[in-house]
Amino acid sequence: ALTKSAVITGQLVIKEDTRANQKGFISVKDQLPPLIIEVSKKSEVYRVFSNADGGFRFNDLRPGSWQVKIYTNNLPSGYQIETTQYDVELTPGDTKEIEFSVSKKARQIQFQNFLK
């Protein structure tokens with residue numbers, strides 16, 4: 001019997017730190033590089049890079065339980081991913097969307113008093 005394949009699409013959603021524009025804080029200037037996204041099911045493993053807009057897509061997946069994971073190895077300092085892994089159940093012909101929330105953490109400037 002033939003089974004329709006399924007699709008997983010996703011997006012990296014960047015959230016700015018609310019303190020980024022306040023006095024005494026510096027916002028992150030580095031751009032988010034392409035990150036490796038992996039989908040796996042038992043012995044099947046597929047990987048793609050996120051595109052310039054943070055999107056990714058896996059086509060022609062078999063129905064069943066899949067695990068979607070993002071690798072943070074080359075994540076620049078100041079970025080933090082809230083959830084790095086999702087479990088997804090796919091049915092024949094299904095399309096699932098996943099969002100990875102990426103937070104930009106503003107750095108606080110430390111001032112020293114040299115006057116005595």
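Throughout this tour, contact means heavy atoms within 4.5 Å. What you have open is a predicted model, where local features need pLDDT of at least 70 and side-chain atom pairs count only at pLDDT 80 or more, while totals for chains, interfaces and linings use all residues. Residues are numbered from 1 along each chain as its sequence is written, and side-chain values use heavy atoms, with hydrogens and water left out.

**Stop one: Val68**

Select Val68 and ignore its neighbours within four places in sequence. What is left in contact with Val68 is Ile8, Ile37, Glu38, Val39, Thr84, Gln85, Tyr86, Val88, Ile98 and Phe100.

Buried means under 20% relative accessible area, exposed over 50%, and partly exposed in between (1.4 Å probe, protein chains only). Strands are DSSP runs of E, at least two residues, numbered from the N terminus.

**Stop two: the sheet**

Switch to cartoon and find the open sheet of four strands, ordered β4-β3-β6-β8 with antiparallel pairing. Its edges are β4 (44-49) and β8 (85-90), each pairing on one side only. From one strand to the next, the twist averages 20° (axes are lines fitted to C-alpha atoms, and angles run from 0 to 180 degrees between N-to-C directions).

Zoom in on β3 (residues 36-41) and β6 (residues 64-70), an antiparallel pair with four bridges; strands pair if DSSP finds at least two bridges between them. Pick Ile37 and look across to β6, where its bridge partner is Ile70.

**Stop three: rings**

Show the aromatic side chains: the whole structure has four aromatic pairs. Ring centres of Phe, Tyr and Trp (its six-membered ring) must lie within 6.5 Å; planes under 30 degrees apart count as stacked, over 60 as edge-to-face and the rest as tilted.

Start with Tyr46 and Trp66, whose centres are 6.2 Å apart and whose planes sit at 35°, so the pair is tilted. Tyr46 belongs to β4 and Trp66 to β6, so this pair ties together parts 20 residues apart in sequence. Tyr46 is partly exposed at 38%, whereas Trp66 is buried at 2%.

Next, select Phe56 and Phe100, a tilted pair with 6.0 Å centre to centre and 40° between the planes. Phe56 is in β5 and Phe100 in β9, 44 residues apart. Both are buried, Phe56 with a relative accessible area of 6% and Phe100 with 0%.

**Stop four: charges**

How many salt bridges does a search of the whole structure find? Three, each a side-chain nitrogen of Lys or Arg within 4 Å of a carboxyl oxygen of Asp or Glu.

- Arg47 and Glu38: the closest N and O atoms are 2.8 Å apart. Arg47 is exposed at 53%, but Glu38 is buried at 8%.
- Glu44 and Arg62: the closest N and O atoms are 3.2 Å apart. Glu44 is in β4 and Arg62 in the loop between β5 (55-61) and β6, 18 residues apart.
- Asp94 and Lys96: the closest N and O atoms are 3.8 Å apart. Asp94 is buried at 17%, and Lys96 is partly exposed at 30%.
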